Amino acid sequence: MKMFKTLLISAVAVGAMTASAFAQEVTLRLHQMLPPYATIPANALTPWAQKVEEESDGRISIELYHAMSLGGSPPQLFDQAQDGVVDLVWTIVGYTPGRFPSTEPFELPFMMVDGEITSKALHEYCETYCADEFDSVKVIAWHTHGPGLIHANRPVERLEDMAGLKIRGGSRVVNEMLVALGAEPVGMPVPQVPESLSRGVIDATTVPWEVTPSLRISELVTNHTGFSGANGLYTQLFVFAMNKDAYEALPDDLKAVIDANSGIETAAMFGRVMDEGDVAGLGIAEELGNNIITLDEEETQRWIDTASPLIDSWIAEMTAQGLDAAMLVEQARAMIEKHSNGN
């Protein structure tokens with residue numbers, strides 16, 4: 001009888017523990033660099049958070065902290081997630097130069113197509129070739145923005161117009177491309193661009209259309225240069241990541257909610273939001289009557305020919321560091337082609 005009572009008490013205790021675990025509620029803090037009305041915070045991060053909250057029946061609560069409101073600088077965001085300062089971050093991979101070299105083929109000139117396709121390609125590629133570089137976090141998604149453009153205080157209508165142009169570049173690879181094109185790159189996180197333009201620290205910036213409204217780019221400069229053909233001048237890479245311990249601490253059913261909102265379809269959604277933001281940003285510049293330049297095929301080819309040697313130099317540099325760099329570039333191209341064909 002005493003044994004029966006002991007077993008009964010143990011069963012009740014185990015059941016209570018199980019019920020407690022099942023009912024566990026968690027609050028996750030999501031930190032990022034842009035104001036809440038910018039494209040990704042408004043149209044990707046906030047809907048993502050709401051979806052996770054709904055699918056967890058309210059047991060996961062996500063607090064969004066915008067514009068670095070929890071402190072630090074944009075280049076510190078990845079470490080904030082890795083070290084558990086916050087639970088989730090969205091940041092630009094290139095803010096930590098040299099830390100994630102396997103991702104860099106997607107930043108090479110005239111490699112990308114649009115945000116959605118290139119994001120799907122990047123995510124699939126990174127799952128195979130970049131996982132070791134990101135093993136300190138739980139990656140929700142890797143993605144890109146749409147085609148990068150040049151937004152300048154004077155017209156850029158031909159390659160020679162880049163000579164001496166002080167232009168913001170957002171990553172190591174993009175800066176090297178700007179040097180090859182004759183410009184003088186100035187590295188800085190994107191939130192610093194408006195003040196730098198208004199004070200004359202830079203003459204121009206490389207960003208996609210989608211971010212121009214939140215940074216008032218089309219009010220600060222009136223010339224915008226894009227390119228003919230399927231491939232954009234460049235793109236930058238983003239990672240949406242979660243602290244690994246915060247993820248592992250979740251009960252299995254809540255891990256499943258996070259998992260269901262991670263992966264290639266999440267990457268595609270972020271890329272699609274970027275593409276939609278490009279349309280809106282272009283529309284604002286058009287309404288302002290700005291000078292929107294699309295280089296013709298012949299002039300675009302001059303830029304491609306001038307920038308292309310950077311691909312070979314990147315391969316040589318990364319091969320010397322022990323990467324199978326030529327294979328990585330080949331695989332990046334193959335992934336983009338695959339998803340361009342709808343596969």
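Q: How many aromatic pairs does the rule give in this model?
A: The count comes to eleven aromatic pairs, where rings of Phe, Tyr and Trp (its six-membered ring) pair if their centres lie within 6.5 Å, and planes under 30 degrees apart count as stacked, over 60 as edge-to-face and the rest as tilted. The model is predicted, so local features need pLDDT of at least 70 and side-chain atom pairs pLDDT 80 or more, whereas totals for chains, interfaces and linings use all residues. Residues are numbered from 1 along each chain as its sequence is written, and side-chain values use heavy atoms, with hydrogens and water left out.

Q: Why is the pair of Phe100 and Phe134 called stacked?
A: Their centres are 4.3 Å apart with 10° between the planes, and because planes under 30 degrees apart count as stacked, the pair takes that name.

Q: Why is Tyr125 called buried, and what is Tyr129 called?
A: Buried means under 20% relative accessible area, exposed over 50%, and partly exposed in between (1.4 Å probe, protein chains only). Tyr125, at 0%, is therefore buried, whereas Tyr129, at 26%, counts as partly exposed.

Q: How do you know that the charged end of Lys138 sits over the ring of Tyr247?
A: The rule asks that NZ of Lys or CZ of Arg be within 6 Å of the ring centre and within 35 degrees of the ring normal; the charged end of Lys138, sitting over the ring, is 4.7 Å from its centre.
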